[in-house]
Amino acid sequence: MLGSSRLMASCVLCRRVPRLRYFPGLRKDFTKAQYVPVKQEDEMDDLEGKKEILQHQEAFRQGGYRLHYNPSSYHASVWNSATSQSQTDNDDEDEQCLSTLAPSFWQQSNHYSVSCSRHLSSSQNTLLDLAFNKGPEPERSSVSPYDRKPTPPDVKVDTRAFLKCRPGYASMTLDLTQRPHPIEWDEAVPLLQKVTVLKGSMKPSDVSQFLVELSRLHPDKMTLVRSDQRFIMLLRYSVENLRLFTQHQLLEVLQSFVWLDMPSAHTVLGLYEAELIRRANQMTLHHLLLAADLWRCIGRRVPQFLQHLYDSVRLNLGQIGVPELVQLMYIMGEGRQCSKDLIHPVEQLLMRHLQQLYPEEVGAVCLGLFKSQTSISEGAVTRIVDKAHSVVEEMSDFAIVNVLKLLRFSYLYHRAWLQALSREIPRRAHGMGVQGLMHVALACSALHYRDDNILLAIAERIPSLVPHCRSKDSCKLLWAFGTLGFLPAQSPSFYPSLTEALRRRKAEFQRYPEHLLTGLLGLSFVSQFPEDLIALALSPAFVNSALKSAQLELKKDFFTLDETVALELPQWSGPRLSCKLREEVVEMLWKFAQSDVCRKPEVLEAESALQDLLGGEQFVLKRMILPHTRSIDLEVHLDSTGQPMPVNPEPHTATPSKDNSSSKYTPHQGWESKDVGVTITEGLLSQLTNIIKPTEPLTPSAPVKPTSLHRVEPDEGGRLFDTGLDLTSDIIETLGKSRIQASAPQDSQGIVKLAIQVSGRNHYCYHSQQLLGLHAMKRRQLKLSGYRVVELSHRVWFPMLRKSRVEKLAHLHCKIYNSL
């Protein structure tokens with residue numbers, strides 16, 4: 001009887017207020033989606049009505065719910081405050097990346113997620129991690145998107161375009177292009193008046209109906225309705241009825257909050273989140289996906305609710321088709337998380353449905369994997385990019401950029417895809433926005449892939465987009481182009497326009513100091529030094545403020561910039577880092593080098609062979625000649641006659657070596673005592689002849705003293721030569737006594753200083769002789785410091801590690817003396 005009375009009352013009310021017939025999230029029809037702009041700040045000036053909540057605050061009848069009155073929760077200044085967890089479709093996903101999973105393949109210690117904690121890379125030997133190789137970074141809880149002054153987008157991007165691909169998305173997503181038919185303010189006022197009349201007698205259906213009807217107001221009126229005290233009362237009654245809502249009503253109310261532009265940090269939303277978590281086990285997979293999408297549209301992070309969604313996915317893998325899978329990947333990306341135990345099932349589902357994906361769905365999947373930092377197998381990533389390559393011409397610019405983000409995260413070099421971009425990016429660049437172009441450049445630099453067609457197309461487009469550049473965009477573009485060695489002469493307006501963009505946005509660097517350092521270091525790679533911006537970056541106030549941040553390790557970046565200025569701007573009279581800070585960073589870098597770079601086999605073998613060649617440990621010093629370049633060198637000094645000079649004052653306390661005994665030989669004693677006689681071919685003799693006596697060919701009869709040697713098997717790589725002569729101490733002595741050419745550079749004391757570098761593949765652009773920015777800068781600065789650089793190229797030195805000792809010595813001799 002009581003239920004019947006309530007039903008009649010509800011029916012009467014329904015006749016007065018037409019019941020909502022629009023709920024696209026639960027409909028079967030299919031509609032389009034469009035770009036969702038960042039919510040603007042709301043203004044609420046009427047605070048009187050909010051006091052009523054304090055007066056009526058009481059324990060809720062159901063489940064012990066309490067609505068804690070907090071006026072600031074409703075005020076715009078706090079909606080936009082540090083407590084906001086909202087995000088937008090165009091938020092900084094790079095800065096949200098959390099590398100919580102094991103890295104994937106290729107370069108496993110490198111995570112190019114642009115705002116995570118900066119560190120040295122153990123796998124790259126010397127690659128500067130400045131802006132990209134970062135570990136986990138805590139979410140910036142002190143920064144809300146609402147605090148930032150929005151920049152008008154230069155090109156509108158449809159971030160939910162994949163929803164247009166299939167009608168199946170309609171039951172699990174909200175179509176943001178299909179806003180309910182609007183009502184006028186005059187129609188909303190009677191609804192608000194009914195709230196004050198009915199008050200506590202409102203039924204759950206009344207509450208949900210009122211909220212749904214009010215959400216149909218024109219967006220311009222939403223601020224007005226949210227500031228009305230009667231609406232605030234309605235929110236209170238909605239919380240009182242939370243546990244009485246049916247599942248359909250609960251989702252209806254949540255959808256109404258999307259159209260009402262409810263601030264994501266609103267107190268009421270926390271209570272709705274708790275209720276949805278409580279009901280999660282009773283909800284279908286589609287309803288869970290819909291609720292997750294509604295939270296995404298509101299802009300609220302709900303990690304606990306998402307975990308319930310992921311648990312449901314594992315239990316219902318058989319129900320997941322293409323639309324469910326793609327929507328799940330989208331939600332994973334926007335939520336910035338993926339359970340570790342969900343990774344394998346997701347990979348299997350992707351491989352099962354991959355060929356059925358439309359181009360935009362491929363892009364959505366790539367973005368979801370990237371944003372959630374989900375590391376799937378190399379083979380799976382390769383197949384996904386293969387699929388993208390097969391439909392690249394049909395993909396939107398946004399989808400192409402998303403594929404590049406996945407490659408950037410996975411460090412997978414996909415030749416066919418990158419070659420296709422060499423055609424696609426120049427064709428599309430004129431219509432792309434600055435953020436898309438930035439991500440293209442960033443991916444190329446992360447993969448060490450230099451393609452001048454791509455770089456020139458971006459460089460020509462960027463100057464016209466400078467008004468739309470955030471400081472982040474400008475600085476990352478400068479970093480990417482500087483890393484790839486794109487010279488100013490190749491596009492005269494590119495670097496000046498972006499440098500001017502940095503000047504216009506100086507204020508942003510107080511909040512994001514890492515961006516300024518990223519941009520300035522990118523410029524320094526190509527010898528560009530805007531002194532006013534450098535003075536700002538090295539000013540004590542800026543340095544102290546930046547170093548107080550617990551989220552980023554910026555000391556090494558400051559140090560690199562400071563020492564670069566000292567070397568390349570000798571006239572510099574601006575601020576410098578304190579001696580104490582410089583010493584602290586040098587110690588930090590050297591400790592890392594000792595534990596990592598100094599122990600690499602290729603470095604230890606070069607050090608040992610050089611000691612054999614030159615006469616002992618005291619002639620080879622393994623150290624960081626330029627610590628700010630974050631790499632080590634083997635330093636050798638020669639006098640004017642070509643004789644090695646002691647450079648290592650404490651050889652026995654030097655950096656660790658693979659074999660302590662291997663660094664104590666002299667040319668005369670070491671070879672005889674170690675039984676290292678090795679046969680030499682005519683080819684090697686000819687090579688040695690050209691080095692030692694260019695005008696007097698070396699003959700087998702002259703230097704050979706067979707009686708002074710013991711024959712042994714070659715030490716490494718097996719017997720290399722079938723015939724020839726034994727290597728004698730005379731030849732070894734000759735190798736150590738080569739003369740320096742008159743033109744070799746010497747210091748004021750007649751000493752030639754050599755910096756011998758063991759380079760790795762990560763010092764160069766992929767399949768190229770183009771040094772990456774940091775390493776090109778280091779070579780330049782070593783020369784400024786009076787050193788002659790001698791490179792042991794990875795292309796030659798690494799294969800030689802498997803060869804005999806004599807061949808290594810001959811190679812080192814050639815490198816040292818031919819370089820002079």
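# Strands and ring pairs in a predicted model

Student: What lies between β2 and β3 in their hairpin, and which residue in the turn has a positive phi?

Tutor: In this hairpin, 5 residues separate β2 from β3, and G642 in the turn has a positive phi of about 95 degrees. The model is predicted: local features require pLDDT of at least 70 and side-chain atom pairs pLDDT 80 or more, whereas totals for chains, interfaces and linings use all residues. Residues are numbered from 1 along each chain as its sequence is written, and side-chain values use heavy atoms, with hydrogens and water left out.

Student: Which other strands pair with β2, and over how many bridges?

Tutor: Strand β1 (residues 621–623) is joined to β2 by 3 bridges and runs antiparallel to it. Strand β6 (residues 752–758) and β2 have 5 bridges, also in the antiparallel sense. E635 takes part on both sides: L621 stands opposite E635, and A755 in β6 is the bridge partner of E635.

Student: Why is strand β2 called largely enclosed?

Tutor: A residue is buried under 20% relative accessible area, exposed over 50% and partly exposed in between, with a 1.4 Å probe and protein chains only. In β2 (residues 633–638), 6 of the 6 residues are buried, so the strand is largely enclosed by the rest of the structure. D633, E635 and H637 point one way, while L634, V636 and L638 point the other way, and all are buried. Across the protein, 59% of the 820 residues are buried.

Student: Why is the pair of F481 and F494 called tilted?

Tutor: The structure holds 11 aromatic pairs. Rings of Phe, Tyr and Trp (its six-membered ring) pair if their centres lie within 6.5 Å; planes under 30 degrees apart are stacked, over 60 edge-to-face, and the rest tilted. The centres of F481 and F494 are 4.2 Å apart and their planes lie at 35 degrees, so the pair is tilted. F481 belongs to helix α21 (residues 471–483) and F494 to helix α22 (residues 494–504), so the pair ties together parts 13 residues apart in sequence. F481 counts as buried at 0% relative accessibility, as does F494 at 0%.

Student: What makes F494 and Y495 an edge-to-face or a stacked pair?

Tutor: Their ring centres are 5.1 Å apart and their planes stand at 75 degrees, so the pair is edge-to-face. Y495 is buried, at 1% relative accessibility. Ring pairs link F481, F486, F494 and Y495 into a cluster.

Student: How do you know that K753 lies over the face of a ring, and which ring is it?

Tutor: A charge sits over a ring if NZ of Lys or CZ of Arg is within 6 Å of the ring centre and within 35 degrees of the ring normal. K753 lies over the face of Y787, at 4.6 Å from the ring centre. R795 lies over the face of Y764, at 5.4 Å from the ring centre.

How values were computed. Helices (H or I, at least four residues) and strands (E, at least two) are DSSP runs, numbered from the N terminus. Two strands pair if DSSP finds at least two bridges between them.
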